[in-house]
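Biologist: I've got a structure open and I'd like to walk through it. Can you help me read it?

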Amino acid sequence: MLYPEINESRNVIDLGGAWSFRLDDGTHGEGWADSAFISEGVQVPVPASYNDINEDLEFRKHCGWAYYRRTFTIPKNLADERLVLRFDAVTHYAKVYLDGELITEHKGGFLPFEADVTGKLVPGKEAELIVAVDNRINHSTLPMGNEGGTAFFGSDNADVPSVIAAKKWRRPVNLPNFDFFNYAGINRPVRLYTTPMSYISDVTITTGIDGSSGIVHYVITTEGNGEASIEIRDGSGKVVTEGKGNSGTLHIENARLWWPYPGEPYLYKATVRFGEDAYSLDFGIRTVKVEGTRFLINGRPFYFKGFGKHEDSAIHGRGFDFVLDMKDISMIHWMDANSFRTSHYPYAEEMYQLCDREGIVIIDETPAVGMGGTTEDIYRIGNFRSHHEDVIKDLIARDKNHPSVVMWSMGNEPDVVTYPDSAYDYWHSLYEYTKALDPDGRPVTFVCNQNNYERDRITREMDVICINRYYGWYNLSGDMEAAVYALNIELDFWEKQNKPVIMTEYGADTLPGFHLSSPEMFSEEFQVLYYDTINKEFDKRSFMIGEHPWNFADFNTIQGPMRADGNRKGLLTRDRRPKMAAHYFRKRWKEIPNFDYK
Ligand code: E8X
């Protein structure tokens, strides 16, 4: 799906700003949306999560539908154009009404969807747009919520009187089986864009390297009669090659490759033309390959220095915040990091565009998190497989052309030990499905939680072993000697698999400003001790090809006995101020090169 572009043949109208908003009050039924009801509500900004915008606690506790409404008029001079409404992300389920007509619905809160409204939207005439948003999570959604159970850390197995276990008193509440606040709403931009009636519907670019030449394979999908063409310009704007037809292969002599920062993340610009239509996109010439225990970018072994992150900030919630994204890129450079994982959902497209330009490497993850948290076999009782496949298909369709994206993560910490056969069948087939979808053939993984790695038959089958381990925090808490012992027993196991291993999560909750002369948990000194102790073990293992502390920054979660104002494992505070550990990694990572470290 192409990102909206304004150019000589296309227009983009931003529909963000103040919208009327109202939480459903349960008196009207599923996904009901009435102009008068909504107009009596409050004003909220789009894009943003609605949860932290208003002082009414209901905005954070809400479980169910919420309604947005605005009117708009587009200019008469667009009367002959194709008109498309595009929603970059509505979390988690959306029903969209244009002038009272249901024009589209979408399940999934982190990927774009659109509706062709040509002929429905009349240029020069005021239109009404209503978006009904459902924030409920359960065993059929990604991310997954418990159904009638308890929150992330709780358990339904507690031996309590039946009247309590029945929880009959409970109003409908969301029970996230994941450790981040269930921010909801129109979280990313809403736009109306136009194209000519015959238009370019998709462009796929994959690249290769042949000696000093760059190889560019292109496929252009069009709607309408005629032949497409493509022109490629270098960073100075000079045309370096061009081609005719809807697909082909081009060569660029003495090509400049895309390298992670501080290398040069060189970008070329492809301009595609078809009839009156035109579309341009930046791309980089680079290759990605797993070879033995090495992760090769442009044929050289890469070492991942970076983080698990979140899209999370005060007041915005999970709402798109370009200012924050730019600040995060600055902090990533400041720490001499080179990568991050989009934990635990696809991020806004603008962040990938920034990373293409800034040379930051991305592990692109689906919202498949929280799959488990019940005593039953989630793979048998859940109803999420077709949605998971849709999400992977849409994720690859959206992000396939980004040079910064080097690997797909199908999900985070699913239950893969308790149910070996059903889990194996689920993930092995999904791995094959994902591999087949990516025209660039990127490595595929999923991120495995602390488990019995000897029983887990799935993680070892991934292209790259991505593990989250909390030796010294969640287990062997505070005892770093024991943590090192247990970690090395596990690393001995992974050494035998002859695959690259990335520690995609390890960390310690740390209260900024809490200092101790003898490091103990929650102090800044302990966070440094924890990382320095564990990193020393990674440095002894050639197959450990990446370290992603959890987390880049503190972030908001559901309230609970283990969360003091959210998850505090950040190297940075939520407003991006460095803790001691950020300074520690900055010093460490300055000494670790992107390539040939191992
Ligand atoms: C944590 C992280 C959580 O924030 C992340 O979304 C997934 C968790 C650690 C493993 N991984 O809790 O800080 C949880 C193990 C529980 C025993």
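Biologist: Where is the place of Pro143?

Modeller: Pro143 sits in the loop between strand 9 (127-134) and helix 3 (162-166). Helices (H or I, at least four residues) and strands (E, at least two) are DSSP runs, numbered from the N terminus. This is a predicted model: local features need pLDDT of at least 70, side-chain atom pairs count only at pLDDT 80 or more, and totals for chains, interfaces and linings use all residues. Residues are numbered from 1 along each chain as its sequence is written, and side-chain values use heavy atoms, with hydrogens and water left out.

Biologist: What is the peptide bond from Leu142 to Pro143, cis or trans?

Modeller: The bond from Leu142 to Pro143 is cis, with omega near 5°. Tyr261 and Pro262 are also joined by a cis peptide bond, with omega about 10°. Pro262 lies in the loop between strand 15 (247-252) and strand 16 (268-274).

Biologist: OK, new topic. What is the phi of Ile315, positive or negative?

Modeller: Positive, about 70°, although Ile315 is not a glycine. Most residues other than glycine have a negative phi, and most peptide bonds are trans. Ile315 is in the loop between strand 21 (304-308) and helix 4.

Biologist: Is Ile315 buried or exposed?

Modeller: Ile315 counts as exposed because its relative accessibility is 54%. The cut-offs: buried means under 20% relative accessible area, exposed over 50%, partly exposed in between (1.4 Å probe, protein chains only).

Biologist: And what about the phi of Leu476?

Modeller: Leu476 has a positive phi of about 55°, and it is not a glycine. Leu476 lies in the loop between strand 26 (465-468) and helix 9. Leu476 is partly exposed, with a relative accessible area of 38%.

Biologist: On to helices. How many residues of helix 5 are buried?

Modeller: Seven of the 10 residues in helix 5 (residues 349-358) are buried, so that helix is mostly covered. Among the buried ones are Met351, Leu354 and Asp356. Gly359 follows helix 5, and Gly359 has a positive phi, near 75°.

Biologist: At what angle do helix 4 and helix 5 cross?

Modeller: Roughly 35°, and the axes of helix 4 (residues 322-334) and helix 5 come within 10 Å. Axes are lines fitted to C-alpha atoms, for helices over the stretch in contact, and angles run from 0 to 180 degrees between N-to-C directions.

Biologist: Which residues make the contact?

Modeller: Phe322, Asp325, Met326, Asp328, Ile329 and His333 of helix 4 meet Glu350, Met351, Leu354, Cys355 and Glu358 of helix 5. Contact means heavy atoms within 4.5 Å. By class, the contact of helix 4 with helix 5 has six nonpolar, one polar and four charged residues. Ala, Val, Leu, Ile, Met, Phe, Trp, Tyr, Cys and Pro count as nonpolar, Asp, Glu, Lys and Arg as charged, and the others, Gly among them, as polar.

Biologist: How do helix 9 and helix 10 pack?

Modeller: Helix 9 (residues 480-495) and helix 10 (residues 524-538) pack at about 30°, with axes 10 Å apart. That makes helix 9 roughly parallel to helix 10. Angles under 35 degrees count as roughly parallel, over 145 as roughly antiparallel, 65 to 115 as roughly perpendicular and the rest as oblique.

Biologist: Last one. How many helices and strands does the chain have?

Modeller: The chain has 11 helices and 28 strands. Buried residues make up 60% of its 598 residues.
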